[in-house]
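Please examine the sequence and the model before reading each solution.

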Amino acid sequence: MNFAWPWQLRKAGVLSMNKRNIDYIARYNPRKYYKRVDDKLTTKQLALANNIAVPDLIGVISQQHEVARLPEMIKGRTGFVIKPAKGSGGKGILVITHVENGRLFKPSGTEVTPSEIERHVSNTLSGLFSLGGKPDVAIIEGLIEFDPVFDGYSYEGVPDIRLIVFKGFPVMGMLRLSTSASDGKANLHQGAVGVGIDLGTGKGLRAVQFNQPIEFHPDTGLKLTDIQVPHWDTLMHTASSAYEMCELGYLGTDMVLDQRRGPLMLELNARPGLAIQIANGRGILPRLKHVEALSGKPMSVEERVAYAKTHFSSAADD
């Protein structure tokens, strides 16, 4: 395991957790707007009102007596996702990717019985997966048909794209790919792969798993820096648009690519993690300070995206 001195991290422009919390989250994220991102149902409703594409909403279960409606909700579906509205870190998300003769299967091929699904929804309502253990609601969404460009780059689960947006400017990006270690979930703490993405081109820069550099996907063997994220301009535009939508200055935007519908906003995060710096092999702090130093008339979404592609690409860093 490698360690670095604090002065080395500061010199490299690495944003620490304390500095993130005090200088960026506390300063630029008004607490009154947190519900817009902490509650996934509110986020989805805001996105739809702002013409931002999101996964299909099948239904919402908010009371225990409504759990009995679940079989009718998912009837005829070949797959679906159940998630807590106030969950975090991927907790409580149940993905069903295959339905055959009434039998339900997770991405790993493990069968889930209807009673297990109903129990999962009941646990969600009780707050088992929510922030602070507060009562929650269960959101049932349509299954995302991920873009075949990612075939072989992700193990079972759907890859997602995380972009950090500061004052409306995308400042750093990462592709998260599931692995067998992460049980098909794009969660870095559970063993997913993080691939730093060039903001200028959407191309892979470097990759890490468990904070250690890797070159090839541990399950499929494909070279991770060969990846090119399609619809890159649309993804950047969608992320930048989230600034006006939720009015939070320091924001993590999570998006996916659907084969039929293209880029979809999955969720937003008012406290995005710092591992994106490890995936990119550089600190995010210089880019944040760059945006803070900007003055002049406000820029449109298109202007902010163009600015970020020019000033925060790997070419600009070299």
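This is a predicted model, in which local features need pLDDT of at least 70, side-chain atom pairs count only at pLDDT 80 or more, and totals for chains, interfaces and linings use all residues. Residues are numbered from 1 along each chain as its sequence is written, and side-chain values use heavy atoms, with hydrogens and water left out.

**Exercise 1.** Determine how helix α7 packs with helix α10.

*Solution.* 
1. Helix α7 spans residues 232-246 and helix α10 residues 301-311; their axes lie 9 Å apart at an angle of about 120 degrees. Helices are DSSP runs (H or I, at least four residues), and axes are lines fitted to C-alpha atoms over the stretch in contact, with angles from 0 to 180 degrees between N-to-C directions.
2. The pair is therefore oblique, the class left after under 35 (roughly parallel), over 145 (roughly antiparallel) and 65 to 115 degrees (roughly perpendicular).
3. From α7, D233, M236, H237, S240, S241, Y243 and E244 meet V301, E302, R304, V305, A308 and K309 of α10; contact means heavy atoms within 4.5 Å.

**Exercise 2.** Identify which residues line the largest cavity.

*Solution.* 
1. A cavity is a set of points on a 1 Å grid over the protein atoms alone where a 1.4 Å probe fits but cannot get out; lining residues have an atom within 4 Å of a point.
2. The lining comprises K40, T43, K44, V54, P55, K83, E141, M265 and L266.
3. Two elements, α4 (40-49) and β14 (262-269), each give two or more residues to this lining; strands are DSSP runs (E, at least two residues).
4. The most come from α4, with three residues.

Conventions: On a 1 Å grid over the protein atoms alone, a cavity is a set of points where a 1.4 Å probe fits but cannot get out, and a pocket is an open set with protein on both sides within 12 Å along at least five of seven lines; lining residues have an atom within 4 Å of a point.
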